[in-house]
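Here is a short briefing on one protein chain. Keep the viewer open while reading.

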Amino acid sequence: MSRRLLVALLACCTLAAPPARAQSRPLDAALDPYIAKGMADWRIPGLAVTVVKDGRVVYAKGFGVLELGRPERVDAGTMFGMMSTTKAMTALAVAMLVDSGKVAWDDPVTKHLPWFQLKDPFVTRELRVRDLLLHNSGLGNADLLWVRGDLSTREILERVRLLEPSYSLRAGYVYQNIMYQAAGAVVEAASGMSWADFVKARIMAPLGMTRSEPTLQAVLDARHANVSAAHYEIDGAVRRIAESPVDPVPAAGSAWSTAEDVGKWMRFLLDSGRVDGRRLVSEASFRELFRPQHIVPADEFYPTARLTRPHFTTYSLGWFQQDYRGRFVAMHTGSIDGRTAIVGLMPDERIGVYVFGNLDHAEFRHALMWRVFDHYLGGAPRDWSTELLALYGGLAEQGRAARAARESRRVAGTAPSLPLAAYAGRYDHPVYADLAVTQEGDALSIAFGPAPENRGRLEHWHHDTFRARLGDGRGGWTWFTFRLGADGAVAAVRFEDQGALEFARRR
């Protein structure tokens, strides 16, 4: 689809929109019981919700507890992770530098990062700053680089040069956190400030976001109180888990905030980049942030589109976009182990919604966003929570069926080809560094970097394939297959659940 056609489509959707007719029922009366029921249905320990309408924060509340088993309650000042909703701040930081003349959207990335390379020299030369923010660089998912826990931000970015492209530059779409960190590195190079310092000084401070931090480490260093804990459903029980820091790639999703502070953030966004009448970013750069720039295919967009049935799904600079009931919606979720967030803006109606949660992938966040939009657009209320429980329940059932199918293919009565000691050793991958297999008594263990969540005991599956429940077991089973060489010795191990990545035995 051409950009001209896409712009025309957006214009038609906006012009065709009927006037909004808000529900006569107060927002508190509509949302409070809905949230209470939704939290029970989705088993969410704690939640915070903020709604902005017509330039005012009209709703900012906390529900539930900071941590299961403890009495402390969530309120509008409770800190939660923003995760990938941070990406909008990274894009804004670039826009500010565009205004100052230090960066241009279509600068070659190498103008600011001469050391940055991709495997294809053509792509290295042609990659633009804008591309870093659009998930269209040609790279597939490479999050294993930062979830290892032992590579520095610079090392992660330098290893990108070893990644095989998944598609041609700008010819596809794959969500890519590391490219956002490359954008953060551009911010640092052009401003002379770290990405975290820039975001804190140039965005959070002017907006009065006094209970917000750019990284988890900053939250810990400041010793903030009233901070929510992360939770995950493991073996049917919701449990507290350790934090999973995004700090190695902060520009992709490391910021923290509160319901009160994100109200200030959304007011700024709904006022075209102004705070108290003062512009922090030019109107032209602000418009560029929200201009649809890349088509997102259906299988890469949110599953909720099966219910909202948009005519278009696009990505701009830090924002997913779609139409809903004739209105333009800009939105983005944030997810990391144990936490969820969502921000949704309906600029033509001057509505903003932000939801924080402290349970992994609790998709009630989507239900709340669409429920608030419906409240102001009028009409019969739709029970999004019930519909989404069915939708995501169906997706979970598909996952269970796939696991059952894998179980059915297990070959009974087999044994490893070699004694366990023969499998122990270190294994290397040119991009993803190393992993270690050790023998502990009568069993093998595996570790992919130092992070506890990437370690586990190997259990024989069949032939030379083993499986492990890594860390606290939150991810279920992960499979590893050892490959023997022509000499009969172990030559490599494949990380089956990560695209069968093969790590070669270190000699």
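The side chains of lysine 119 and glutamate 164 make a polar contact at 2.5 Å. A polar contact is a pair of N or O atoms within 3.5 Å; within protein, one must be able to donate a hydrogen and the other to accept it, and residues adjacent in sequence count only if both atoms are side-chain atoms. This is a predicted model: local features need pLDDT of at least 70, side-chain atom pairs count only at pLDDT 80 or more, and totals for chains, interfaces and linings use all residues. Residues are numbered from 1 along each chain as its sequence is written, and side-chain values use heavy atoms, with hydrogens and water left out.

**Confidence**
- The average pLDDT (the predictor's confidence in each residue, from 0 to 100) is 94 for the chain, and 95% of the residues score at least 70.
- Residues 1-16 have pLDDT below 50; this stretch has 18 contacts in the model beyond near neighbours in sequence.
- Where pLDDT is low, the predicted coordinates should not be read in detail.

**Lysine 119**
- Lysine 119 sits in the loop between α4 (109-112) and α5 (121-126). Helices (H or I, at least four residues) and strands (E, at least two) are DSSP runs, numbered from the N terminus.
- Its relative accessible area is 42%, so lysine 119 is partly exposed. Buried means under 20%, exposed over 50%, partly exposed in between (1.4 Å probe, protein chains only).
- Not counting residues up to four places away in sequence, lysine 119 touches Val160, Arg161, Leu162, Leu163 and Glu164. Contact means heavy atoms within 4.5 Å.
- Glutamate 233 is 114 residues from lysine 119 along the chain, and their C-alpha atoms are 39 Å apart.

**Serine 254**
- Serine 254 is in the loop between α12 (250-253) and β6 (256-257).
- Serine 254 is buried because its relative accessibility is 2%.
- Its side chain has a polar atom 2.6 Å from the backbone oxygen of proline 214. The side chain of serine 254 also reaches the backbone oxygen of proline 250, at 3.1 Å.
- Outside four places in sequence, the contacts of serine 254 include Met83, Trp195 and Asp247.

- The largest nonpolar core has 151 residues, and Phe116, Trp265 and Tyr432 have the most contacts inside it. Such a core is a set of buried Ala, Val, Leu, Ile, Met, Phe, Trp, Tyr and Cys residues joined through side-chain atoms within 4.5 Å.
- α3 gives the most to this core, with 10 residues.
- In helix α14 (residues 283-290), the buried residues are Ser285, Phe286, Glu288, Leu289 and Phe290. Elements covering them include α3 (87-99), α13 (259-270) and β12 (327-336).
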